[in-house]
Amino acid sequence: MALTCACALVSAQDKITVYRNGNDLLVRSSFSTEKDIVIKVFNIANESAYLIPKNAKITEYARKGILIHRNPDEYAATHFGPFGFLSGNHGSPFARVLHVPAHGMTVKDLGTKLTEKDGYAYRIIQITDNDHILIHPEGSSDTRNPGFRAHKDAKLFLNSKEIKYLESKFAQMCPLNRITEFQFLINGKTPLADKTEMQCNFIDHVFTHDVISPLAVIKWFKNNPGRKLKPEFVGQWKMAFVTTDKERARYQEYMKLDSLATYHNIYRYEPYGASVLYRKAVYHAKLAQVDSFDIMFGWRGEIANKKNEEFYILKLKPLKLEGYNDGPSLDYDFSAIYKMPKSMMVNYKILKKDCLNPEDMPDRFIRIVGNKGRQLGIALGYSLFMGCTAKTNKSAEREIAYFLWHTKKMYPYAYTLRNVKPGKTMETVAYKQYFNPKIEPDSTAFYYHKEGESYVIYLDFHKKLKNKIIKLPEHFAGRKITVIEQTPSVILHTAKTVPEQGISLSINDKYGYIVLKLD
C-alpha cells in the first residue's frame, strides 16, 4: 500500500499545526469557529483530545483546553486465539506474580521450573523483589496450540518441594512489542524535530513493531538459566525500543526472539480531527486464529459525560440482547440511532447474521453526544475501497463487525483469520475522526478526510431533505465525484464534479446515507 502526497493549495483552516515533545505528538486542527481540537499522541500510540480557544497556543492545550477524551489503552491489541490478546497495550495474560515472603531467590533462579501436582510447568522469568517472583507457563512448542493455562491456586513445587505462596496475582508478561521504527514525518517526508512547532498538510506517525512469541521468551529462559534477558521482562505494561544501532547492540538476544507478527503502522493525522491508519500486518507463525480490531476508542473524558449519547451503526438489523451481569434485556436499533442509557450492561459480538447483508457489513461506527443538542461526534471506520475491508471483498475474512461491551468502549473489528500460515499478510485502512455536528445540523454525521490520494466524504441522514446544499472546502471544487455507496433514498443532484457552492442532494425517506470519493 504505497502512500504518496499530492497536496493541493489549501487554506490555513485546511492545514494542521504539530508540535513534538519527545515521543509525544500534538496535532491541532479546526473544529468550530471558536475552538480548535488538539489531539495528543502519547505512550507510543495512545490518544487524548482537547478543545482549545483559537487564540491559545498549541502547548497550552491542558491549561486552557477542555479534555474531551483520554485513553491510555487505545492502541489496539489483537486476539491471537489461544495466546489471548497480544500487541497493543498487552503482554501475555498467562503470567502471574507470586507473593512468596522472603523467598531468598536471586538471578541464578531465573528460568527455574515450577510444577503443579500434575506436572504442568511454569518458568521463573523475573525476581520482582524479596517477596515476589514472576512466572509464566512453559507451554508447548506449537504456535497453533501453545498449551498455556493460567495459574490460579494450585500448589507449586520446586524439585518436589512445595513453594509456599500467599497470592497468585494476574500479570502480563512484557515487553512483547519490539519497536523497530518510530518517526513523526511532516507531509510524510521530513522528520519533525523535538520541541518544534510546524504547520503542514498532514503528519505521519510511522510505527513498526514485532509481536514476540511468548513461547520464544520462555524458551530463552529455559535455555539460559540464571541469566537476565535485556530488556528485563516484567509483569506490567512495557514496550521496548530497538530503533537505533546502539539499542540493537544492547539487546542482541532480544532481537533474536521469534515473533508471531509484525505490524507496520502509518497513522496519518489530517485536518478536522482526523487520523487515518494504514496498517500492514505480516504473520510469521502458524496460528489457529487471529481476530483484529485495528482501531479502538475508550469512552472517557467530556465526550462520555454528556446527558445524551447517540450510537449509530449502519447496515444492521434491530437486535434484542440479553443483559450482562444481571442487567436488563434491551432492544438495540443502531441504524435508526440508538440512544444509549447511562448504564449499558451488554456483552455481545455483532456477527454477519446481524447484518442486513452479510456481504456488506458495517464499515463505520458513530457516536454523537451533547447536553442541549448535538455537540461532539466521533466516527470510527474502515475504508470502503482500500485494504481488506473494501466493498469489492464482500466482507471476506470478516466474521465480527463490532464488540458491544458494558464500558461503552468502541471495538470495531477489521478481520478474522483461521489456520494462518506464515507469510499471511493483511492490509487495512482505518480512520478515527472527531467532528462537529453543528456544522451540518441536518445530518446525523458529516465528515471527510483523505484515504490514499482521494478525499472521501461521509454523509448520513435521518430526516427527509429536498435540494440540500452541502458546503465543502474551496479546494474540493472541480474534483471528480465517484459514488462509493448510497441508499436508494438519497438522490445526488450534483453531476460529475464538485461545484464551488458545494454538492446538492435530496433524501426522500427518513433515512439515508451516501459516501463520495473525490479525485
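Helix α2 is mostly covered, with seven of its ten residues buried. The model is predicted, and every value below was computed from it. The points are grouped by topic.

- The buried residues of α2 are P214, L215, A216, V217, I218, W220 and F221.
- The largest nonpolar core holds 119 residues, and F80, I203 and Y283 are the members that touch the most others.
- Helix α2, which spans residues 214-223, gives this core its largest share, six residues.
- In soluble globular proteins, nonpolar side chains tend to be buried together.

**The sheet of four strands**

- Four strands form an open sheet in the order β7-β6-β22-β32, and the pairing is antiparallel.
- Its edge strands are β7 (85-87) and β32 (415-420), each of which pairs on one side only.
- Neighbouring strands of this sheet are turned by 30 degrees against each other on average, direction ignored.
- Three bridges join β7 to strand β6 (residues 77-79), in the antiparallel sense.
- H79 has F85 of β7 as its bridge partner.

**The sheet of three strands**

- A further open sheet has three strands in the order β27-β30-β31, with antiparallel pairing.
- Both β27 (347-351) and β31 (411-412) stand at the edges with a single partner strand each, so one side of each has no neighbour in the sheet.
- Strand β30 (residues 400-405) pairs with β27 over five bridges, in the antiparallel sense.
- The bridge partner of I350 is Y402 in β30.
- Strands of a sheet pair through backbone hydrogen bonds, either parallel or antiparallel.

**The second largest cavity**

- A search of the whole structure finds three cavities of 30 Å³ or more.
- What is the make-up of the lining of the second largest cavity? Its residues divide into nine nonpolar, two polar and four charged.

Definitions and conventions:
Residues are numbered from 1 along each chain as its sequence is written. This is a predicted model: local features need pLDDT of at least 70, side-chain atom pairs count only at pLDDT 80 or more; totals for chains, interfaces and linings use all residues. Side-chain values use heavy atoms; hydrogens and water are left out. A nonpolar core is a set of buried Ala, Val, Leu, Ile, Met, Phe, Trp, Tyr and Cys residues joined through side-chain atoms within 4.5 Å. Buried means under 20% relative accessible area, exposed over 50%, partly exposed in between (1.4 Å probe, protein chains only). Helices (H or I, at least four residues) and strands (E, at least two) are DSSP runs, numbered from the N terminus. Two strands pair if DSSP finds at least two bridges between them. On a 1 Å grid over the protein atoms alone, a cavity is a set of points where a 1.4 Å probe fits but cannot get out, and a pocket is an open set with protein on both sides within 12 Å along at least five of seven lines; lining residues have an atom within 4 Å of a point. Grid points are joined across faces, edges and corners, and a volume is the space filled by probe spheres set on the points. Ala, Val, Leu, Ile, Met, Phe, Trp, Tyr, Cys and Pro count as nonpolar, Asp, Glu, Lys and Arg as charged, and the others, Gly among them, as polar. Axes are lines fitted to C-alpha atoms, for helices over the stretch in contact, and angles run from 0 to 180 degrees between N-to-C directions.
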